[in-house]
Amino acid sequence: MAAEGGGKEMNEIKTQFTTREGVYKLLTHSEYSRPNRVPFNSQGSNPVKVSFVNVNDQSGNGDRICFNVGRELYFYIYKGVRKAADLSKPIDKRIYKGTQPTCHDFNPLTATAESVSLLVGFSAGQVQLIDPIKKETSKLFNEERLIDKSRVTCVRWVPGSESLFLVAHSSGSMYLYNVENTCGTTAPHYQLLKQGENYAVHTCKSKSARNPLLRWTVGEGALNEFAFSPDGKFLACASQDGFLRVFGFDAAELHGKMKSYFGGLLCVCWSPDGRYIVAGGEDDLVTVWSFLDCRVIARGHGHKSWVSVVAFDHCTTSVEDGDPPAEFSGSDEDFHEQIHFGAGRDRANSSHSRLSKRNSTDSRPVSVTYRFGSVGQDTQLCLWDLTEDILFPHLPLSRTRTHTNVMSAASPPATGQTTTVSTTTTTTTTTTNSSGTNGKDNVSNSSTSGNPPNSLPNTLPRSNSLPHSSNPAGGSTPNSHTGSSSNSSSTTKGNSIIDSAFIATSVSKFATLSLHDSRKERHEKDHKRNHSMGHISSKSSDKLNQLSSSRTAKADAAKTLGTMLCPRMEEVPLLEPLVCKKIAHERLTVLIFLEDCLVTACQEGFVCTWARPGKVGLLSSQNNPANSPSGTVV
């Protein structure tokens, strides 16, 4: 539930919201769920996940949807914005005993109207290959749990392959399988193939071909999600130890990495052109990482609890023509060659995007807006715009930007000096009495030396869109899982001034998101406890992994904060959400952008379709704002 303190409007479930493109509307008759539409009792269950595939049906209705709810797995024809959902006629329905589906993925290369290949991962560690159209179960991998006994956290077909797929587990390992190979009757033996900092890749030693082909061990704790780059050549991994690691998939080499501001990373996605990666997690932030520069270029704060899913909107991302400034390397033509909009109904959750021919590493667009979204365990949907004034802060701004607050430069230049870029600013003297800060702030307060070159002055520039509270303890921090009290001395007002009181003193409102005073902190903590997956769905092995990784994370935070791996809050631009709306009663677990709509799902088992502006179609009369409890939300 939404936190109290914002009045009745704060707790209403929104059915519409407005962006610069127009009004997005919830299509209540296009809601998919269990046939009886009864809310699912999500206590102790795995997150609801959704997968799409297009089977190129001649009838023009070739979209198929798969989603899991508790022990159940459903497969329907997806009618989207065109027709109302008919829940009485699932193509396939399966109920599992002794285990629960946790994730799934279609192979778009082999999908036809007569057959589809669907991989399903389970809480006990197995992976099943099924055909829900033929209603067949082809194979069961890791059946005896000899390869890995921990929960499957993510499964994906390798882009461009009809037989290879990759599986991640909460043990922190990933395994490469071939559908043609068996898993053997004994536990596999491995031989080291490649090793690097906090990762290792092993091959399976066997006289005959068997699964797994490879075993990746990445970081500490669970490997929560991975995502292939649009060209399939790189792999981004989000781990419970808080690190995003990006590998060259074929060479198994580490390309770059970054560290979350606090806690584990839970989700990750690529921009359509492969230039940027967005990750979210337990620090309640979304973090934008540059693939080319291997550094954090922006953070966004709008959520009040863990971020469950991040996804780019390939339909709203745009590139404008123009002559490239002299500072750009490469050509603008190279960039346009990599982006192909309107190329059909591409799926945002597909690992192989047709929006990009290759990873772009040698050119920069002149004017670009990347749209991405995020949903969290706070039941809120946030939309974000990433624009060229954030991507290229050293260049003159081509236009005035709204919904973006640039507090400082994206990163300090090589000379050690910081270039500051800010919008309309006011000056405020900040006093640090951080009774409302959290565990991550203690790291920045540990320094007692003088201000380093990158430190901020005692008076900080602030955007007019970020009113500050006169009471430092009156706001909530990006992550309030722990609490601490400290008094900053005058020698630590530099780099620690925002890390120790970042949200408490400088941010009280982000768009429509209100942060509440100290008398609401107890409710906020209860909200996080009730909606955090770590408290309701972890097996005993997962809990041990989390305890181990939390100790490691604290040590890592002390080493990485203020470095390229994890810049301080004042060292990178801070984004405001373009939209931040409460859209569900339970924590959100799905966000997928389609050509004419976006799809969300919550832990109650309801899969919702939101029509894009002008795409309401046949269901417009069923979504009249007059019949909506909240009307149009601006």
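Modeller: The model itself is predicted.

Biologist: What is the make-up of the chain over residues 258–290?

Modeller: That stretch is 61% strand and 0% helix. Its end C-alpha atoms lie 10 Å apart.

Biologist: Why is the contact between Glu 12 and Lys 14 called a salt bridge?

Modeller: The cut-off is 4 Å between a side-chain nitrogen of Lys or Arg and a carboxyl oxygen of Asp or Glu. In Glu 12 and Lys 14 the closest N and O atoms are 3.5 Å apart. That is within 4 Å, so the pair counts. The structure holds 16 salt bridges.

Biologist: How do you know whether Glu 12 is buried or exposed, or in between?

Modeller: Buried means under 20% relative accessible area, and exposed means over 50%. Glu 12 has 25%, so Glu 12 is partly exposed. Lys 14 has 7%, so Lys 14 is buried.

Biologist: What makes Asp 57 and Arg 64 a salt bridge?

Modeller: Their closest N and O atoms are 3.6 Å apart. The limit is 4 Å, so this pair qualifies. Asp 57, at 27% relative accessibility, is partly exposed. Arg 64, at 6%, falls under 20% and is therefore buried.

Biologist: What about Asp 241 and Arg 245?

Modeller: Their side chains meet in a salt bridge, at 2.9 Å from N to O. Both Asp 241 and Arg 245 are buried. Elsewhere, salt bridges with shared partners join Arg 20, Glu 21, Arg 371 and Asp 385 into one network.

Biologist: Now the sheet. What is the order of the strands in the open sheet of five?

Modeller: The order is β1-β2-β38-β37-β36, and the pairing is antiparallel.

Biologist: Why do β1 and β36 stand at the edges?

Modeller: β1 (16–19) and β36 (588–593) each have a single partner strand, so one side of each has no neighbour in the sheet. On average, neighbouring strands of this sheet are turned by 20 degrees against each other, direction ignored.

Biologist: How do you know that β1 and β2 pair?

Modeller: Pairing needs at least two bridges between the strands. β1 and β2 (residues 22–26) have four, in the antiparallel sense, so they pass. Across that pairing, Phe 17 stands opposite Tyr 24 in β2.

Conventions:
Residues numbered from 1 in each chain as written. Predicted model: local features only at pLDDT ≥ 70, side-chain atom pairs only at ≥ 80, totals over all residues. Heavy atoms only, no water. Helix = DSSP H or I, 4+ residues; strand = E, 2+ residues; numbered from the N terminus. Buried < 20%, exposed > 50% of the residue type's maximum accessible area, 1.4 Å probe, protein only. Axes fitted to C-alpha atoms, helices over the stretch in contact; angles between N-to-C directions.
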